Structure formats: C-alpha cells, structure tokens
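Please look over the structure below. This short report takes up its contacts, its surface and its confidence scores in turn.

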Amino acid sequence: KDLFPKGIIIGSDQILVCQNKEINKPKNINEAKKNMLFLRDKYHTLVSAIYVLNNSKYFYKEKKTATLFFKNISEREIDDYLQENEAIALSSVGSYKIEDNDKHNFIEIINGDLETILGFPLKKFISKILGNG
C-alpha cells in the first residue's frame, strides 16, 4: 500500500497570498510580470509548511507565515528584473527571490523569519529529528 513504509518522508511547500488571492508559480514570463505588477505597492503573506511522516506515520508538521511589502517599482524595473532573472521568476510563487533583494531592493520584510520566507521551516524540524523538540 505505501510506497515507502520505512523511513522519513518530508513534504514542504509555500503559497503567496495577496488581497485574498493566491499567487502561484508563473507558467511563463508574461504571467511572472502580471504577478509582479499585481504585487506592486501591496503587502502579501508567504505561508510555508512542512509535513513529515516517519515509517508511514505522522511525525511532525509546522506552518509559518511572513508578511512582506512589494515596493511600488516601475514597470521598467520589473521588465529589467525579469529579463535578468527569468529562471528565478518562473520558479518562485511571487516571481521573485528574496535572495536577490540586496541587489534589487524592492521587497520589505514586515515580519517573519528568513526560513519562512525562503519556504522551508527547518529549525524546529531539526530539533524534533534530533530528539530535542
């Protein structure tokens, strides 16, 4: 019945919500641009979750959120970012990576930690695995 009855299975994902609308990874660069234009001058929430099975039984789960603000950058700045970072834009729920923010500076972190923003809540999971949590 179970494909992996022994061992640890880790599932993790992230969603982005802005004005009650879920933003998914774009299918193409035009969708990426629409995502970024929609996010401009708005707060949005990143929700990151992890669910872990150990030997086919529930072991651990966690859901964390972070709030960010997408600054009101110009359409030209969005076009330049997408031209320079197409692969990144197509692999990210908001069409941007926070790791690029030092260079581009269009995201402001309002609250939440970096592991939540990056999409994999890890600290408590590691403690649990090590038997400290």
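## A salt bridge to start with

With which residue does Asp 79 form a salt bridge? The partner is Lys 33, and the closest N and O atoms are 2.9 Å apart. The pair links distant parts of the chain. Asp 79 sits in helix H2 (residues 75-84) and Lys 33 in helix H1, 46 residues apart. Bear in mind that this is a predicted model.

Side chains of opposite charge can pair when their charged atoms come close. The count here comes to seven salt bridges. One of them joins the side chains of Lys 64 and Glu 115, at 2.8 Å from N to O. Lys 64 lies in strand E4 and Glu 115 in helix H5 (residues 114-118), so this pair ties together parts that are 51 residues apart in sequence. Are these two residues buried or exposed? Both Lys 64 and Glu 115 are buried.

Another salt bridge pairs Lys 103 with Glu 84, with the closest N and O atoms 2.4 Å apart. Lys 103 is in helix H4 and Glu 84 in helix H2, 19 residues apart, and the pair links distant parts of the chain. Lys 103 has a relative accessible area of 61%, so Lys 103 is exposed. Glu 84 has 48% and is therefore partly exposed.

## Aromatic contacts

How many aromatic pairs does a search of the whole structure find? The search finds seven. In one of them, the ring centres of Phe 70 and Phe 106 are 5.0 Å apart and the planes lie at 40°, so the pair is tilted. Phe 70 lies in strand E4 (residues 57-70), while Phe 106 is in the loop between H4 and strand E5 (107-111). The pair therefore ties together parts that are 36 residues apart in sequence. Phe 70 counts as buried because its relative accessibility is 0%. Phe 106, at 5%, counts as buried too.

Phe 106 also pairs with Tyr 96. That pair is edge-to-face, with 6.1 Å centre to centre and 85° between the planes. Tyr 96 is in the loop between helix H3 (86-90) and H4, ten residues from Phe 106. Tyr 96 has 7% relative accessibility, so Tyr 96 counts as buried. Phe 70, Tyr 81, Tyr 96 and Phe 106 form one aromatic cluster.

## Charges over rings

Two lysines deserve a look. Lys 42 lies over the face of Phe 38, at 4.5 Å from the ring centre. The charged end of Lys 128 sits over the ring of Phe 59, 5.3 Å from its centre.

## A nonpolar surface patch

Which residues make the nonpolar surface patch of about 580 Å²? They are Ile 8, Ile 10, Phe 120, Leu 122, Ile 126, Ile 129 and Leu 130. Strand E1 (8-18) and helix H6 (123-129) each supply at least two of the patch residues. Ile 129 lies in helix H6. Its relative accessibility is 37%, so Ile 129 counts as partly exposed.

## Confidence

The protein chain averages a pLDDT of 91, and 97% of the residues score at least 70. Among the elements, helix H1 (residues 29-39) has the highest mean pLDDT, 97. Helix H4 (residues 101-104) has the lowest, 81. Where pLDDT is low, the predicted coordinates should not be read in detail.

Conventions. Residues numbered from 1 in each chain as written. Predicted model: local features only at pLDDT ≥ 70, side-chain atom pairs only at ≥ 80, totals over all residues. Heavy atoms only, no water. Patch = residues over 30% accessible without salt bridge, like charges linked within 9 Å, V, L, I, M, F, W, Y side chains within 5 Å. Areas by Shrake-Rupley, 256 points an atom, 1.4 Å probe, with all protein chains shown as cover. Salt bridge = Lys/Arg side-chain N within 4 Å of Asp/Glu carboxyl O. Helix = DSSP H or I, 4+ residues; strand = E, 2+ residues; numbered from the N terminus. Buried < 20%, exposed > 50% of the residue type's maximum accessible area, 1.4 Å probe, protein only. pLDDT = per-residue confidence, 0-100. Phe/Tyr/Trp six-rings, centres within 6.5 Å; stacked < 30°, edge-to-face > 60°. Lys NZ or Arg CZ within 6 Å of the ring centre and 35° of its normal.
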